[in-house]
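Subject: Structure handover and notes

Dear colleague,

I am passing on the structure we spoke of, together with my notes on what I found in it. Please have it open beside this message as you read.

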Amino acid sequence: EREREREREGEREKEREEMASIRRVRKIEVENCAKPHGDGAGETRITRLTDEAPVDDKTQGLLENIWKRPLDVLPVYKDLPRLSPRLEIFLEDQIVFKSIPAATKEENSKRIIVKLCELLETKEHSVEIKDRLDKILYAGSQDALETLRLFFEEDEIMKKCVRTQSILKCIHQEMIYPPYRKMRLSFYEEFPFKDVHQTWNVEIHFRDGCREADVIHHKGQMAHSRRPEDFFAFDWHMRLHFRGRFERFQGYFFVDSDCYDSAPVVKVWSA
């Protein structure tokens with residue numbers, strides 16, 4: 001029992017050291033840009049926090065470890081349906097798929113999977129996938145999330161669609177968590193923030209004849225405080241870049257807030 005307690009204390013100490021290291025390496029600069037209004041309220045603004053940059057090796061390793069897990073054990077079957085109304089697919093910078101907000105989550109999820117198969121797999125496989133999904137995933141189908149999970153787990157044709165699986169493995173919350181957590185630790189204590197409702201969007205970009213792909217997550221954050229002198233907001237983006245057979249990817253993360261004002265200026269070094 002004492003040995004387990006020593007191990008737990010060692011893990012807690014490593015966590016404290018990691019957080020301290022993050023605060024040292026990811027230097028925070030805060031500039032007071034208050035400008036008085038006639039009513040005495042302060043106006044502050046937020047600028048771009050980071051340029052797009054590769055995530056560090058540790059974060060890249062965490063992302064790869066998550067991504068290498070089997071498709072059916074990742075929370076894709078939960079997050080794909082809830083993200084499906086806010087997902088777009090581009091081919092050579094031209095939009096080729098846009099979710100229908102009024103459609104059901106089952107219909108949008110099915111359309112996304114089928115479109116990915118049409119772009120990345122053989123025609124035979126894409127037709128078979130569509131036929132199978134038409135039979136099991138439809139509005140009102142019982143337990144749609146479990147149906148989708150079982151499809152990922154059991155369907156032999158889906159298992160052959162390796163590049164489609166690679167893209168789908170990126171569309172869930174666990175993939176965005178490692179860089180998001182690092183960003184949060186870097187300045188949340190000074191500037192507490194929260195999610196902006198329904199701003200999590202996903203774009204999938206294919207280029208070079210679908211030999212290159214980017215899965216890009218976007219999400220908005222805003223200050224907990226609604227007081228004008230404390231308010232700020234920003235967007236963050238994570239890009240996962242694939243080439244060739246989509247067997248590996250490189251992760252990039254950045255915070256972009258040029259479009260916002262009424263916030264403190266915060267600069268975070270290293271994405």
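Predicted model: local features only at pLDDT ≥ 70, side-chain atom pairs only at ≥ 80, totals over all residues.

The mean pLDDT of the protein chain is 81, and 78% of its residues reach 70 or more. Over residues 19–48, however, the pLDDT is below 50, although this stretch has 72 contacts in the model beyond its near neighbours in sequence. The pLDDT also stays under 50 over residues 258–271, for which the model has 62 contacts beyond four places in sequence.

Turning to the aromatic residues, the structure holds nine aromatic pairs. One of them joins Tyr-180 and Trp-236 in a tilted arrangement, with 5.9 Å from centre to centre and 45 degrees between the planes. This pair links distant parts of the chain, since Tyr-180 belongs to helix H9 (residues 173–187) and Trp-236 to strand S10 (residues 233–243), 56 residues apart. Both Tyr-180 and Trp-236 are buried. Another tilted pair is formed by Phe-242 and Phe-246, where the centres are 5.5 Å apart and the planes stand at 45 degrees, and both Phe-242 and Phe-246 are buried as well. Phe-242 and Phe-246 also belong, with Trp-67 and Phe-249, to one aromatic cluster.

Trp-67 leads on to helix H2 (residues 57–67), in which Thr-59, Gln-60, Leu-63, Glu-64, Ile-66 and Trp-67 are buried. Seen down the axis of H2, these buried residues fall within an arc of 160 degrees, so they line one face of the helix. At the start of H2, a side-chain oxygen of Asp-56 reaches to within 3.1 Å of the backbone nitrogen of Lys-58.

Is Asn-108 buried or exposed? Asn-108 is buried, because its relative accessible area is 0%, and the cut-off for that term is under 20%. Its side chain reaches the backbone oxygen of Ile-100 at 2.9 Å. Leaving aside residues up to four places away in sequence, Asn-108 touches Ser-84, Pro-85, Phe-97, Ser-99, Ile-100 and Ala-103.

Lastly, Glu-247 lies in the loop between S10 and S11, where its side chain makes a polar contact with the side chain of Arg-245 at 3.1 Å. Glu-247 and Arg-163 are 84 residues apart in sequence, yet 8.0 Å apart in space, taken from C-alpha to C-alpha.

Conventions. Residues numbered from 1 in each chain as written. Heavy atoms only, no water. Phe/Tyr/Trp six-rings, centres within 6.5 Å; stacked < 30°, edge-to-face > 60°. Helix = DSSP H or I, 4+ residues; strand = E, 2+ residues; numbered from the N terminus. Buried < 20%, exposed > 50% of the residue type's maximum accessible area, 1.4 Å probe, protein only. Polar contact = N/O pair within 3.5 Å; in protein donor to acceptor, adjacent residues only side chain to side chain. Contact = heavy atoms within 4.5 Å. Arc of directions from axis to C-beta. pLDDT = per-residue confidence, 0-100.
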